[in-house]
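The sequence and the model are shown first.

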Amino acid sequence: YTEPGLENEKRFQCKNCGNCYTQPYNLKRHVRYECGKEPQFQCPLCNYKCKRRNGLRCHLLNKHKNHDIPLS
C-alpha cells in the first residue's frame with residue numbers, strides 16, 4: 001500500500017515487518033521502540049500501556065486531564 005501522492009517519495013522499509021517510512025528517523029524510532037517490542041510505557045493511573053512516550057503523554061492528557069501528573 002502506498003499513500004496517494006507518495007508514489008515517488010523515498011521509502012525506508014523495516015526489514016523485520018515491512019512497514020515503510022518516508023523519513024529515516026521514523027524508521028529508526030520504529031525499530032527502536034515498536035517493531036516486535038512489548039509496550040514499555042505504563043500509565044501510572046490505569047492499565048494502559050503504549051510503545052512510545054508521546055502516546056502515553058497523549059493518553060494522560062485525554063483520559064486523565066484532571067490529575068496532576070508531570071508530562072516530561
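## Cysteines, core and helix contacts

Cys46 is partly exposed, with a relative accessible area of 29%. The model it belongs to is a predicted one, and the values below are computed from that model.

The protein chain has 72 residues, of which 21% are buried. Its secondary structure consists of two helices and four strands, and from the N terminus the order of elements is β-β-α-β-β-α. Of the contacts with a separation of 6 or more, 3% join residues 24 or more positions apart.

A UniProt annotation from an unreviewed entry, "domain: C2H2-type", covers residues 12–39. That span is 39% helix and 14% strand, and its end C-alpha atoms lie 23 Å apart.

**Cysteines**

How many disulfides does the model contain? The count is zero. A disulfide is a covalent bond between the sulfur atoms of two cysteines. The cut-off used here is a sulfur pair within 2.5 Å. For Cys17, the closest cysteine sulfur is that of Cys14 at 3.7 Å, which is too far for a bond. Cys46 is likewise in no disulfide, and the nearest cysteine sulfur, in Cys43, is 3.7 Å away. Cys17 is partly exposed, at a relative accessible area of 42%.

The largest nonpolar core has five residues: Phe41, Cys43, Cys50, Leu56 and Leu60. One of them, Cys43, touches Tyr48, Leu56, His59, Leu60 and His64, when residues up to four places away in sequence are not counted. Two of these partners, Leu56 and Leu60, are also listed in the core.

His64 lies in the segment after α2, a helix that covers residues 53–63. Is His64 buried or exposed? His64 counts as buried because its relative accessible area is 13%, and the limit for buried is under 20%. With neighbours within four places in sequence left aside, the contacts of His64 are Cys43, Leu45, Cys46 and His59. Cys43 and His64 are 21 residues apart along the chain, and their C-alpha atoms are separated by 9.8 Å. The side chains of His64 and His59 make a polar contact at 3.2 Å.

Glu34 is placed in helix α1, which runs over residues 24–34. Glu34 is buried, with a relative accessible area of 16%. Beyond residues up to four places away in sequence, Glu34 touches Tyr21, Arg29, Lys51 and Arg52.

Lys37 sits in the loop between α1 and β3, the latter being residues 41–42. Lys37 is partly exposed, with a relative accessible area of 36%. Lys51, which is among the contacts of Glu34, also touches Lys37, as do Val31 and Arg32, again not counting residues up to four places away in sequence. Lys37 and Lys51 are 14 residues apart along the chain, with 7.7 Å between their C-alpha atoms.

Lys15 belongs to the loop between β1 (12–13) and β2 (20–21). At 84% relative accessibility, Lys15 counts as exposed, since the limit for exposed is over 50%. Lys15 is 20 residues from Cys35 in sequence, and the two C-alpha atoms are 10.0 Å apart.

**C-alpha separations**

The residue pairs mentioned above are collected here.

| Pair | Separation along the chain | C-alpha distance |
|---|---|---|
| His64 and Cys43 | 21 residues | 9.8 Å |
| Lys37 and Lys51 | 14 residues | 7.7 Å |
| Lys15 and Cys35 | 20 residues | 10.0 Å |

Definitions and conventions
Residues are numbered from 1 along each chain as its sequence is written. This is a predicted model: local features need pLDDT of at least 70, side-chain atom pairs count only at pLDDT 80 or more; totals for chains, interfaces and linings use all residues. Side-chain values use heavy atoms; hydrogens and water are left out. Buried means under 20% relative accessible area, exposed over 50%, partly exposed in between (1.4 Å probe, protein chains only). Contact means heavy atoms within 4.5 Å. UniProt positions are given in the numbering used here, feature names are shortened, and annotations may be inferred rather than shown by experiment. A nonpolar core is a set of buried Ala, Val, Leu, Ile, Met, Phe, Trp, Tyr and Cys residues joined through side-chain atoms within 4.5 Å. A polar contact is a pair of N or O atoms within 3.5 Å; within protein, one must be able to donate a hydrogen and the other to accept it, and residues adjacent in sequence count only if both atoms are side-chain atoms.
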